[in-house]
Amino acid sequence: IAAAPRLGALGLAIDDIARQAVMGDARWQGGDYPPDDGPAVGLGIARMLNMLTYTTAAELDERFGRAPASQPDQWPTFGPSLTVGTYLHHQADKLVDRFDANAYLYLTSAMDRFDAAAGHGDDATAFARIRARVLAVGIDSDWLYPARDVAALAQGITQAGGDATYVEVASRHGHDAFLKDWAQFDRVLRPFMAS
């Protein structure tokens, strides 16, 4: 199964904003912070921003709309809290409790800059090295890794002499479809793995 294509400029910009949130937190201290007193607010804001890249506006509207929050929240508010905000705050808290801010910076930076063709000249040369059968699955509502880019990846592998199959899944869940629409992915993956 092929990795996703390179992240587009919008995704790169969002990742940069998220890293700026971490580094702009006064507790980041240039990356030299005590283990239990790091840039929790900055890392939380980065997580909230990234959570939006995994979904779609339609799903957020359907799931949360403009509903007022029904649970108390530890994050500061300006006016009444909304459910979508408390959901994002909860996701931020979960990440901050289990993840180091510097690790977040290094990992997102490395993922943004990863280039499978590096050292091989170009994509075609890198793709020609692939010996495995490849299944590339695009999600029609994924704007982080658009289906057209996933299709182009499969086409590039095929044009370089590889064996690539492209399948597109329709979902309202965006990038998170692989977690939320498992039955659709099962129908795609099971036959591929069995063949």
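**Close-up views of a predicted model**

**View 1. H173 sits in a loop between β2 and α8.** Is H173 buried or exposed? H173 counts as buried, because its relative accessibility is 10% and the cut-off for buried is under 20%.

**View 2. The side chains of H173 and E59 form a polar contact.** The distance is 2.8 Å. Which other residues does H173 touch, leaving aside neighbours within four places in sequence? Besides E59, the contacts of H173 are Y54, T55, T56, S141, K180 and D181.

**View 3. The largest nonpolar core has 10 residues.** Its members are A18, V22, W28, Y33, L43, A46, L95, A101, Y104 and L105. Three helices each supply at least two residues of this core: α1 (9-24), α2 (40-53) and α5 (101-113). Of these, α5 gives the most, with three residues. In soluble globular proteins, nonpolar side chains tend to be buried together.

**View 4. Y104 belongs to the largest nonpolar core.** What does Y104 touch, not counting residues up to four places away in sequence? The list holds A18, V22, L43 and A46, which are also members of the core. Y104 touches N50 and F99 as well.

**View 5. The whole protein has nine helices and two strands.** From the N terminus on, the elements run α-α-α-α-α-α-β-α-β-α-α. The C-alpha atoms fill a box of roughly 55 × 40 × 25 Å, taken along the principal axes. Of the 195 residues, 38% count as buried. How much of the contact set links residues 24 or more positions apart? Such pairs account for 67% of the contacts with a separation of 6 or more.

**View 6. The accessible surface of the protein comes to about 11700 Å².** Carbon and sulfur atoms hold 57% of this surface. The protein has 17 positive and 25 negative charges.

Note on methods. Residues numbered from 1 in each chain as written. Predicted model: local features only at pLDDT ≥ 70, side-chain atom pairs only at ≥ 80, totals over all residues. Heavy atoms only, no water. Helix = DSSP H or I, 4+ residues; strand = E, 2+ residues; numbered from the N terminus. Buried < 20%, exposed > 50% of the residue type's maximum accessible area, 1.4 Å probe, protein only. Contact = heavy atoms within 4.5 Å. Areas by Shrake-Rupley, 256 points an atom, 1.4 Å probe, with all protein chains shown as cover. Lys, Arg positive; Asp, Glu negative; His and termini not counted. Charge placed at Lys NZ, Arg CZ, Asp CG, Glu CD. Polar contact = N/O pair within 3.5 Å; in protein donor to acceptor, adjacent residues only side chain to side chain. Core = buried A, V, L, I, M, F, W, Y, C linked by side-chain atoms within 4.5 Å.
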